[in-house]
Every structure is written in structure tokens, then in C-alpha cells.
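Grab your viewer and work through a few exercises on this model. Each one comes with a solution you can follow step by step.

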Amino acid sequence: MKACLRTYGWAIASGILLAWALPNFHWFPLAWVGLIPLLYNTRSTTAKVSAARFFVAGWVFNSIVLQWLIGNVFWAGGWAILGQQGVCLALSVYWALLGALWSGMNTRLPVWLIAPAFGLCWIAMEWLQARLFSGLGWAALGYSQGPDIWFSQVAALGGVSLLSGILVTVNVWLTQAVADQSLRLRSIAAALVLAVVAHGVGMLLLDSPDENPDAPFSVGIYQSNYAQHMKWDPHFEQTMLDMAITQSTVVSENESVDLFIWPEALIMNEFR
């Protein structure tokens, strides 16, 4: 056990820290530093070792973030746990490939190019995760930044993947600052500049005037937050629908709403 922790402890730490940045924990600032333990621990390892540690970090991260899939145990039994872990392990393979690339970057790329290159690779990883073999895009790192109102506006320019890429690039620069004293000031400065510029751009996007202020279009979004087992139990179908109608009506009576968006689970229940 001690040997395992010595080998994979930093990977496990990064997996936990990054997972805590996302719901249900919402400690979103951790996304700016959560990768540092893993990156620091693998910066001078072989591609095989780096891939293994990234795989463990990815497995821990996805197991925590996608824990809600275990809720399907109410209708699928123990198979739901195996299915959830199968998804987590499959997603962790992408992390392993990224770990091998990280190892190669540290030996082959100029130091100033490593951070942006790894950030782009992370964007590519999330893009593939969301699309390959039908895709599963629920665990993108950029989703953690919802509470950061300014920074999250940058998604308007490049989607949630752009947020993820910026977060990862900052993590790499901060890792270089920790690992190499000669790069400390430059790396910290680069990380701060990128973070400040991203927030500044987001602030401008947030404060930009409406394209058509004379004819605003108001949208209401209904987030039911029903427990996972309720969505698959026919007994709750009418209950969930009635609650959605009641709560949506309250909003529409107090606010001007042109369009209401409901979650897919409510619609799916009507067509099953």
C-alpha cells in the first residue's frame, strides 16, 4: 500500500483536486492548480510511467465526477457500478495517451512551447472524449468555471474546451515555476498574464451591449435536479412532470419568458 501511494499518490491527489473543482463540490479555483502534483511528478519520467500515472489520475477524477451514474443501480442493479467503472476506465485511456505525450514534450520541445502545446493537447483530448464512439463530454475541466462569471464568458469564443485549455496551460506554467527556479519568475508571469487577459476578455464579453436591444428574447431554463433513480421509475413520471409545470408556471407568472427549456429526462418520459 505504501509503495502504491509513493508511486501514484500525486496522481491520486490531482484526480481528487480536479474533481473537487466540479460539481458537486464547486471548489472551482482548484482547477487552476489541481494538475500541478501530477505534472510535477511526471515531468522527467518515461512515457510508460507517465501514461500509467495519468491513467490513475483520470480514473480517480472520472470516478468522482461521474459518481451519479451509480444511481442507475436502482433499476439496473450491480451492473450499474460495473458500467460506471467501465466508462471511467475508458475515459482514463485518453488521459494515459496524454501522459505519454507529456513525457515526450518535456524532452523534445523548447521549454517555452511546452505549456501551450500541452494545453492544445488537452483540448484535443476533451474533443475526442466528447465525440469518439458516440462520446461522453460531461467531465470537461472547463465546466468547473461556471461560478467564475468573467472567465466563463470566454466559452463564447471557443466553447468549454477553450476554458479547459487555458486552465491546463496555466497549470503547466505553474508546474514549471515549482520545478525550475530559473524559470520561476517567467512562468509565474506568463500564468498571471494569461489568467488576467482571459478574465479581462470575459469581462468585456459580459458587458458588451445586446445585438438587438429593442427586441430582447427571454429564455427560462428549468433544472429539475431529480434523483437519478426517479428518472427511470415509471411511478415518478407524472410527479416529475407536474412539478416541472408548477415551477415553470411560477417563473412565467413573475418574469417575461419567451421560451422555456426543460431537461431531456422529462421529455424522454413522455415518449417511452
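**Exercise 1.** Find which residues Trp122 touches, leaving out those up to four places away in sequence.

*Solution.* Keep in mind that this is a predicted model.
- Step 1: With those sequence neighbours set aside, Trp122 is in contact with Leu35, Trp95, Leu98, Leu141, Ser164 and Val168.
- Step 2: Now place Trp122 in the largest nonpolar core, which has 45 residues. Trp122 is among the residues there that touch the most other members, along with Phe61, Trp95, Phe118, Phe151 and Val172.
- Step 3: Ask who builds this core: H1, H2, H3, H5, H6, H8 and helix H9 (184–207) each give two or more residues.
- Step 4: Apart from it lies another, of six residues, including Tyr226, Met230, Ala244 and Leu266.

**Exercise 2.** Check the span of helix H6 (residues 111–131) against the expected value, then work out what covers its buried residues.

*Solution.* 
- Step 1: H6 has 21 residues, and at 1.5 Å a residue you'd expect 30 Å. The model gives 31 Å from the first C-alpha to the last, close to that value.
- Step 2: Using under 20% relative accessible area as the cut-off for buried, you get Ile114, Ala115, Ala117, Phe118, Gly119, Trp122, Met125, Glu126 and Gln129 in H6.
- Step 3: The cover over these buried residues includes helix H2 (36–42), helix H3 (47–65), helix H5 (79–108) and helix H8 (155–179).
- Step 4: Step just past the end of H6 and check the backbone: Phe133 has a positive phi of about 55°.

**Exercise 3.** How many cavities of 30 Å³ or more does the whole structure hold, and which residues line the largest cavity?

*Solution.* 
- Step 1: The search turns up one cavity of that size, and the largest cavity holds about 40 Å³ of space.
- Step 2: Its lining is Phe61, Trp95, Trp122, Met125, Glu126, Gln129, Ala139 and Leu141.
- Step 3: Sort the lining by class: six residues are nonpolar, one is polar and one is charged.
- Step 4: Sort by element instead, and H6 supplies the largest share, four residues.

Notes
Residues are numbered from 1 along each chain as its sequence is written. This is a predicted model: local features need pLDDT of at least 70, side-chain atom pairs count only at pLDDT 80 or more; totals for chains, interfaces and linings use all residues. Side-chain values use heavy atoms; hydrogens and water are left out. The expected span of a helix is 1.5 Å times one less than its number of residues. Buried means under 20% relative accessible area, exposed over 50%, partly exposed in between (1.4 Å probe, protein chains only). Contact means heavy atoms within 4.5 Å. On a 1 Å grid over the protein atoms alone, a cavity is a set of points where a 1.4 Å probe fits but cannot get out, and a pocket is an open set with protein on both sides within 12 Å along at least five of seven lines; lining residues have an atom within 4 Å of a point. Grid points are joined across faces, edges and corners, and a volume is the space filled by probe spheres set on the points. Ala, Val, Leu, Ile, Met, Phe, Trp, Tyr, Cys and Pro count as nonpolar, Asp, Glu, Lys and Arg as charged, and the others, Gly among them, as polar. A nonpolar core is a set of buried Ala, Val, Leu, Ile, Met, Phe, Trp, Tyr and Cys residues joined through side-chain atoms within 4.5 Å.
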